[in-house]
Amino acid sequence: MFWRRSECYQSYVLMFLCMPLVRRRKNLLRIEVFYEDFSETASIEEPEYTVEGFISDLGGSVGLYLGLSIISATELLQVFYSLFKNLAFQAMRKRSKSKTRTPIAAF
């Protein structure tokens, strides 16, 4: 292993070996590990999304937004058409009213 070959590790080992035995025993730590059972649990990781699922979800979202934008565009065109039609009818009414209101000149 890399850490065993490092200079830091080697200097630590030399320093530890040069310590008196009493001091070495004070600096050591003993750990005892007990296992309840030696059974192993195997877990398998699977991706949440497959590539096909991601592409289909992306396509569905794009289709939804594109459909909504087309519907919005047609509704906007309908509003402009209705506005233009109402303005045109109002202008025609004003013309027809102004023509009928003109006084007839007396001879």
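Me: Why is Phe-54 called partly exposed?
Reply: Phe-54 has a relative accessible area of 47%. Buried means under 20%, exposed means over 50%, and partly exposed lies in between (1.4 Å probe, protein chains only). Phe-54, at 47%, is therefore partly exposed.

Me: And what makes Tyr-49 count as exposed?
Reply: Its relative accessibility is 52%. Exposed asks for over 50%, so Tyr-49 counts as exposed.

Me: What kind of model is this?
Reply: It is a predicted model, where local features need pLDDT of at least 70, side-chain atom pairs count only at pLDDT 80 or more, and totals for chains, interfaces and linings use all residues. Residues are numbered from 1 along each chain as its sequence is written, and side-chain values use heavy atoms, leaving out hydrogens and water.

Me: Where is Phe-54 found?
Reply: Phe-54 is in helix α4, residues 51-101. The protein chain has 4 helices and 0 strands; these are DSSP runs numbered from the N terminus (helices: H or I, at least four residues; strands: E, at least two).

Me: Why is the pair of Tyr-49 and Phe-54 called edge-to-face?
Reply: A search of the whole structure finds 1 aromatic pair. Tyr-49 and Phe-54 form it, at 6.5 Å centre to centre with 65° between the planes. Rings of Phe, Tyr and Trp (its six-membered ring) pair if their centres lie within 6.5 Å; planes under 30 degrees apart count as stacked, over 60 as edge-to-face and the rest as tilted. With 65° between the planes, the pair is therefore edge-to-face.

Me: How much of the protein chain is buried?
Reply: Buried residues make up 4% of the 107 residues in the protein chain.
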